Amino acid sequence: MNESMKELSLGQRIARLRRAQGLTQEALSEMIGVTPQAVSKWENSQSCPDIMTLPHLAKLLNVTIDTLLTGEEPAAAPSGQPVRPLEELIVRIMINEQDGNRFNVNLPFVVFKLGARFGMLSITWNGSGGETSAEEKASILASLDFGTMVRMIESGVRGKLVDLDDDGERLVIWTE
């Protein structure tokens, strides 16, 4: 990505990246499942893609979500090494309860992805502390969309995906 991509609007980046992939507005719209008019409005900065569309759009345009939104290439890992490929990523889930109990689950990304695809992932967090009731916590956790997390990771998102803090109790999901 050249330096000038940072200076473009989101719409201009979408247009440039679409053309670089050899796609028409109509072809891109069909692949994403929106109207050609929607793509035209994005490219003319009259509207923006829905947040749930960004992972698929970035993948089709062969960039990360960060690159799509900012025009900047993803940063290298802190060690100076390139960002790990998906096959090497670990999805980490940590729950710290107010009473000092701590639970950690580390899943290879491919296992996390399969669990999300087949509806086999769920988190139960019934800690007694914090301001949120057990029922409210259950509702919050039930609303976590693991499929969206998978798409975000596949599009290049790294680091924290979820960080819920409830007065000393905490749930964090991140990638490494």
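Tutor: Read along the sequence, the protein chain follows the pattern α-α-α-α-α-β-β-α-α-α-β-β, with eight helices and four strands. This is a predicted model, where local features need pLDDT of at least 70, side-chain atom pairs count only at pLDDT 80 or more, and totals for chains, interfaces and linings use all residues. Residues are numbered from 1 along each chain as its sequence is written, and side-chain values use heavy atoms, with hydrogens and water left out.

Student: What makes a stretch a helix or a strand?

Tutor: Both are DSSP runs numbered from the N terminus: helices are H or I with at least four residues, strands are E with at least two.

Student: Why is N101 called partly exposed?

Tutor: Buried means under 20% relative accessible area, exposed over 50%, and partly exposed in between (1.4 Å probe, protein chains only). N101 has a relative accessible area of 36%, so N101 is partly exposed. N101 lies in the loop between β1 (90-96) and β2 (102-108).

Student: What is N101 in contact with, leaving aside its neighbours within four places in sequence?

Tutor: Contact means heavy atoms within 4.5 Å. On that basis N101 is in contact with I95 and N96. The C-alpha atoms of N101 and E169, 68 residues apart along the chain, are separated by 9.7 Å.

Student: How many of the residues in the protein chain are buried?

Tutor: Buried residues make up 37% of the 176 residues.

Student: Which residues line the second largest pocket?

Tutor: The lining is I51, M52, L54, P55, I65, D66, L69, T148, M152 and V157. The elements giving two or more residues to this lining are α4 (54-60), α5 (65-70) and α8 (146-154). The largest share, three residues, comes from α5.

Student: What classes make up the lining of the second largest pocket?

Tutor: Ala, Val, Leu, Ile, Met, Phe, Trp, Tyr, Cys and Pro count as nonpolar, Asp, Glu, Lys and Arg as charged, and the others, Gly among them, as polar. By class, the lining of the second largest pocket has eight nonpolar, one polar and one charged residues.

Student: What makes it a pocket and not a cavity?

Tutor: On a 1 Å grid over the protein atoms alone, a cavity is a set of points where a 1.4 Å probe fits but cannot get out, while a pocket is an open set with protein on both sides within 12 Å along at least five of seven lines; lining residues have an atom within 4 Å of a point.
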